[in-house]
Amino acid sequence: MSQNALIGTGFLILHIAIIIALIVRVLLRPHREPTSRIAWIVLIIALPILGIVAYLLLGETNIGRRRVARMRQVISKLPNVSDVLEKEFTTSEIHIPKHYAHLFEVGKTVNGFAPVGGNHAQLMQDSNSAIASIVADIDAAQNHVHVIFYIWLADNNGCHLVNALKRAAKRGVTCRVMADGLGSRSIITSSHWKAMRQAGVHLAEALPIGRFLLGSLKGRVDLRNHRKIVVIDNIITYSGSQNCADPEFKIKAKYAPWVDIMMRFEGAITRQNQYLFACDWESETGEDIGYLLKQPLTLSSVNQANLNKTESSINTKKQSGFIAQVIGTGPTVRYSAMPEIFETLMYAARHQLVITTPYYVPDEPMQAALCASARRGVKTTVIFPARNDSWIVAAASHSYYAELLAAGVRIFEYQGGLLHTKSLTIDREVTLIGSANMDRRSFELNYENNILFYDASLTAKIYERQCSYLANSKQVNAEMVQGWTRRQKLLNNAIAMLGPVL
């Protein structure tokens, strides 16, 4: 045998050995569904070179050992928020019906946050009014402003926030700002970022990507901080689906307007969002801000102005609010926490379940939970965007339509732009809003923040917003799905098979 033949045989043996080693690793990895294992094994065998590279880059939820160790160290040092809050804001102040209590018990297993009472909230009218409200609160801030956004653009709304932070920092308010290293790369590398730093704003890049290939060796570069959190003076927080950008969303203008939901909260729930911010901030910067979690709870200056300055009136204000709980998930949090929350909520619905989500690539238990909801007589409605900015996600989502419709789920597609709102209401009494989509990225890869609350009047407002989406949507029926071409169905199902891989 010639030398070239020997070298070729050696490379072939090495290649086969690598394939076998990767297949063994796929089979031995914890927390992986059988469908995911099968999908990866098929990809590695069918496309040996591409499959090997894809698995090394994307096959495992690896954010880097040092980062995991740093996050665990940060969490171990931070005070227990529930211990700090339980004396003033406990579930005993507001009754949670027995058939909903388990929802908050499941939520507590994620971050250890107990549900807290005494909260108040406003639903923002639209994206522009949300930014205007945030800017107004920043202009009124007296102590500190904390901000995290996944996407932050240097457009009108983005610059409004930049200028508000610069004003606050110049008058002595401590401003700490984080933006995701990938989603907000454009503003991080812009003059606006430098201007904030020069004005005294403390800045941090969440999960910096650096050079793509070098970053890939340390951990998956597609694991992102997808959170949208604003905390002001330890008593006001904002949560929802909205990034810091105009609804026209100039980087993907052809899908505009982006239709989001954002809520302004006051009360003990703010302290739980503060905890998520502290975890992210300390893991990136090393600055210890745990002392903020121990400070006594107060009402905002806005609410105090509307109350008599007596202890009894403040206590009445605390006790008159609703029950809420922050649920923050991510690759360093308990595996599959987010899908378990969604599924538990679906099974809790007795009369009505309404969901809005832009990205639907569920795991099998979630698809089963949604179908089961409709089959047991719950009026189950899901609203997707008619046009999705990701054709891959859109195709995968379409593959689930037939089964959902057969089970009795009503499917609507929003026509007025890209419906980016992530919301879930059950029986017009319980709501979940936040940053998490119903796809595998939000389940396993991204850091997300959500708020679960029990309040009929506030949920009614969320439901009213959901109904406004319905009014601008077209219903999808079985005949429409059956009318798709064989090529469309083949593409949809083929891409859906890659869901566990993607």
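The model is predicted, so local features need pLDDT of at least 70 and side-chain atom pairs count only at pLDDT 80 or more, while totals for chains, interfaces and linings use all residues. Residues are numbered from 1 along each chain as its sequence is written, and side-chain values use heavy atoms, with hydrogens and water left out.

Helices (H or I, at least four residues) and strands (E, at least two) are DSSP runs, numbered from the N terminus. Buried means under 20% relative accessible area, exposed over 50%, and partly exposed in between (1.4 Å probe, protein chains only).

What runs alongside E8? Two strands pair if DSSP finds at least two bridges between them. Strand E1 (residues 116-123) pairs with E8 in the antiparallel sense over 4 bridges, and Ala121 stands opposite Phe265. Strand E6 (residues 236-240) is also antiparallel to E8, joined to it by 5 bridges, with Ile236 opposite Glu266.

Next, please find Leu161 in helix H8, which spans residues 156-170. Leu161 is buried, with a relative accessible area of 0%. Contact here means heavy atoms within 4.5 Å. Not counting residues up to four places away in sequence, Leu161 touches Ile134, Val135, Ile138, Val147, Phe149, Trp152 and Cys244. The C-alpha atoms of Leu161 and Ile134 are separated by 7.9 Å, although the two residues are 27 apart along the chain.

Cys244 counts as buried at 0% relative accessibility. With a disulfide taken as a pair of cysteine sulfur atoms within 2.5 Å, the count comes to 0 disulfides.

Finally, look at the nonpolar cores, sets of buried Ala, Val, Leu, Ile, Met, Phe, Trp, Tyr and Cys residues joined through side-chain atoms within 4.5 Å. The largest has 52 residues, of which Phe342 and Ile426 touch the most other members. Helix H15 (residues 337-348) gives this core its largest share, 7 residues. Leaving aside neighbours within four places in sequence, Phe342 is in contact with residues including Met366, Leu424 and Phe443. Apart from this core lies another, of 44 residues, among them Ile269, Tyr275, Leu276 and Ile383.
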